[in-house]
Amino acid sequence: MIANYHTHTIRCNHAYGTDEEYIERAIEIGLKVLGFSDHVPQPYPAGYTSNIRMGMNELPEYVNKLLSLREQYKGKIDILIGFEVEYTKAYFDTLMAELRKYPVDYMIQGQHFVPDEVNGSYVGFKTDDEEKLKDYVDLTIEGMKTGLFTYLAHPDLINFKGDDETFQRHTRRIVEAALELSIPLEINMYGFLDRRNYPCDRFFKMASDMGASFVIGCDAHRPDFLRQPEKNSEFMDFLTRNRITFGDNAVELRKI
């Protein structure tokens, strides 16, 4: 593949390595396009501080640093400025008004909390609560329908431990929305490296059978997590058994 759009930085407080180290690693493995999409800051209420994302006051430095690196590495690799964004009802409009002040190339949608980080819970925690599954799907689809996201990251992040029929009955609505809105679904390589519950067969077998389009995301939280799919045999086996093929991994960016 020639492109990866899911790359984090130390600004999110749980990634490692310098921006330059990510870029050098991307060049080393043959990427032509590297999109930085660190966890977006959120205009949370005064007094609430997130430890998993940059602050709103860090936006200018993030963008200006990547603009500088884009010029520095011009001719070697294309650097894109993006964000992994939580769609929330409470903060989204305010957030978008702020992001539109900057030359942002794209956003990817990554739902980690329902309804949001301040007033909700992390969906990666194990649950057998069907209502939590439904709420995750509903919020995810609402975000997809904004038309602002280039793709949906780790669509199967919710760690639902209930039966397959219940899981697929709800999550197939995500696939249906992706098909209707022409939004690719990300197959997340980081899930294999960090032994997470995603990507999972019961989602991607269904999505593949339904004819969804896919993009591979390294979701790199360290420079060495940028890697070609062929270097991970377990990941390649996952693609094979779910009848998923990939090409250069380039996608059409949706401007915000």
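**Close-up 1. Leucine 67 in helix α2 of the predicted model.** Leucine 67 is partly exposed, with a relative accessible area of 29%. This residue belongs to helix α2, which comprises residues 59-72. When its neighbours within four places in sequence are set aside, leucine 67 is in contact with Ile81 and Pro103. Leucine 67 and proline 103 lie 36 residues apart along the chain, and 9.0 Å separates their C-alpha atoms.

**Close-up 2. Buried residues of helix α7 and the elements that cover them.** Helix α7 spans residues 201-210, and Arg202, Phe203, Phe204, Met206, Ala207 and Ser208 are buried within this element.

**Close-up 3. Cysteine 200 and cysteine 218, neither of them in a disulfide.** The structure contains zero disulfides. For cysteine 200, the nearest cysteine sulfur is that of cysteine 218, at 19 Å; a disulfide would require the two sulfur atoms to be within 2.5 Å, so cysteine 200 is in no disulfide. Cysteine 200 is buried, its relative accessible area being 14%. The nearest cysteine sulfur to that of cysteine 218 belongs to cysteine 12, 15 Å away, and cysteine 218 is likewise in no disulfide. Cysteine 218 is buried, with a relative accessible area of 0%.

Definitions and conventions: Residues numbered from 1 in each chain as written. Predicted model: local features only at pLDDT ≥ 70, side-chain atom pairs only at ≥ 80, totals over all residues. Heavy atoms only, no water. Buried < 20%, exposed > 50% of the residue type's maximum accessible area, 1.4 Å probe, protein only. Helix = DSSP H or I, 4+ residues; strand = E, 2+ residues; numbered from the N terminus. Contact = heavy atoms within 4.5 Å.
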